[in-house]
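Welcome, and please have the sequence and the 3D view open side by side.

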Amino acid sequence: MPVITTIEDLHRIYRRRVPKMFYDYCETGSWTEQTFRDNSSDFAKIRLRQRVAVDMEGRSTATRMIGQDVAMPVALAPVGLTGMQAADGEIKAARAAEKFGVPFTLSTMSICSIEDVAAHTEKPFWFQLYVMRDQDYLANLIERARAANCSALVLTLDLQILGQRHKDLKNGLSAPPKMTLPTMANLATKWGWGLEMLQTKRRFFGNIIGHAKGVTDASSLVDWTAGNFDPRLDWSQVKKLKEDWGGKLILKGILDAEDARRALDVGADAIVVSNHGGRQLDGALSSIRALPSILRAVGDQIEVHVDGGIRSGQDVLKAVALGAKGTYIGRAFIYGLGAMGEAGVTRALEVIHKELDTTMALCGRKTIAGLDRDILLVPKDFEGDWV
């Protein structure tokens, strides 16, 4: 096994191993990709205060997210097509998260179904929901999540209209993928990935095929998905979904203070400050820049989480020190999954945990609860002086 000391180490292996079509799906943003880039680069603008001669024995990164004990304030974000990054990818990632002691979030657009993941794990996981026009399918999907004992519903609010991602269009990414000559030539070079995919029956969207009306195979899936993301989603529907679900509800895609206050009104348990990894509204603020204003708007009335651009334990520490109660990693765990399967996801979590623990100690803190803005050096213009 290669020596892995950073998430970038996993990224390099991932890029070599996974077909370009699926690598680009993960490693892309919408339009000019400005927000995609800012999500990561803005973390680097925040510096840390080193503190010394502090007793660092007995440190702990353990905390809680929506009342659930976690080994560190990190959850695996919902990522569509995870099962195409590695065979049975959602199952492998869920098992790694469960063993490490952090939440795993299954995407509606997963390859492995809710039932698949539930059958291969022992503890409850979270389920991410897209609101679809097909109300019967939507109601059934919520019931399936409840039957699988999912402990939280993560409702994504920022995908009513799909942002354009140039690489996906040029690669012919669809269901099923368009087999152009360049695509076939690239697939032929990824024999390790291909051999694994040949050994699994899970190659298409398991939460949709056989569950949505008229969707029985990959070809019938194309038209259904193209017209089923519901652009009519509004706050009244969010409130109704909260009532229908009856359990913990996390609202993902909050990037504005006013929307954060609306989340309070519908009774959400947590919000995720998120721009969909820079894959939707290009030109929006990075999540870490948007976080402080949202925290000022809602205070401690609701649990605030953040995703987007997190590639290290230091990024996790910075987000938590600013006031977030939890963070989500997407690309960081996908790099590990595509590179080395379940072991790669575990290694990604180990890298982030090690960086978080060491940095916390060098900043003079022993617990997650002890992290605060006092350990950060934030530029005066970090949030921007917008008019």
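Which residue lies over the face of Phe382? Arg289 does, at 5.1 Å from the ring centre. In the same way, Arg279 lies over the face of Tyr25, at 4.6 Å from the ring centre. A charge sits over a ring if NZ of Lys or CZ of Arg is within 6 Å of the ring centre and within 35 degrees of the ring normal.

A word on what you are looking at: this is a predicted model, in which local features need pLDDT of at least 70 and side-chain atom pairs count only at pLDDT 80 or more, while totals for chains, interfaces and linings use all residues. Residues are numbered from 1 along each chain as its sequence is written, and side-chain values use heavy atoms, with hydrogens and water left out.

Let us turn to rings that meet other rings. A pair of aromatic rings is described by the distance of the centres and the angle of the planes. Rings of Phe, Tyr and Trp (its six-membered ring) pair if their centres lie within 6.5 Å; planes under 30 degrees apart count as stacked, over 60 as edge-to-face and the rest as tilted. A search of the whole structure finds six aromatic pairs. One of them joins Tyr14 and Tyr23, whose centres are 5.3 Å apart and whose planes meet at 40 degrees, so the pair is tilted. Both of these tyrosines, Tyr14 and Tyr23, are buried (under 20% relative accessible area; exposed is over 50%, and partly exposed in between, with a 1.4 Å probe and protein chains only). Together with Tyr335, Tyr14 and Tyr23 form one aromatic cluster.

Another pair is Tyr130 with Phe229: the centres are 5.3 Å apart and the planes stand at 80 degrees, so this pair is edge-to-face. It links distant parts of the chain, 99 residues apart. Tyr130 is in the loop between strand E6 (126-129) and helix H7 (135-147), and Phe229 is in the loop between helix H11 (218-228) and helix H12 (235-245). Helices (H or I, at least four residues) and strands (E, at least two) are DSSP runs, numbered from the N terminus. Tyr130 counts as buried, at 9% relative accessibility.

On a 1 Å grid over the protein atoms alone, a cavity is a set of points where a 1.4 Å probe fits but cannot get out, and lining residues have an atom within 4 Å of a point. About 60 Å³ of space lies in this largest cavity, where volume is the space filled by probe spheres set on the points, which are joined across faces, edges and corners.

Next, the backbone. Most residues other than glycine have a negative phi. Leu81, however, has a positive phi of about 60 degrees; it is found in the loop between strand E4 (74-76) and helix H4 (82-85). His276 also has a positive phi, near 60 degrees, and its place is in the loop between strand E9 (270-273) and helix H14 (287-298).

Finally, look at strand E10 (residues 303-307): five of its five residues are buried, so E10 is largely enclosed by the rest of the structure. Glu303, His305 and Asp307 cover one side, with Val304 and Val306 on the other. E9 and E10 run parallel, joined by four bridges (two strands pair if DSSP finds at least two bridges between them). Ile271 stands opposite Val304 in E10.

Key
On a 1 Å grid over the protein atoms alone, a cavity is a set of points where a 1.4 Å probe fits but cannot get out, and a pocket is an open set with protein on both sides within 12 Å along at least five of seven lines; lining residues have an atom within 4 Å of a point.
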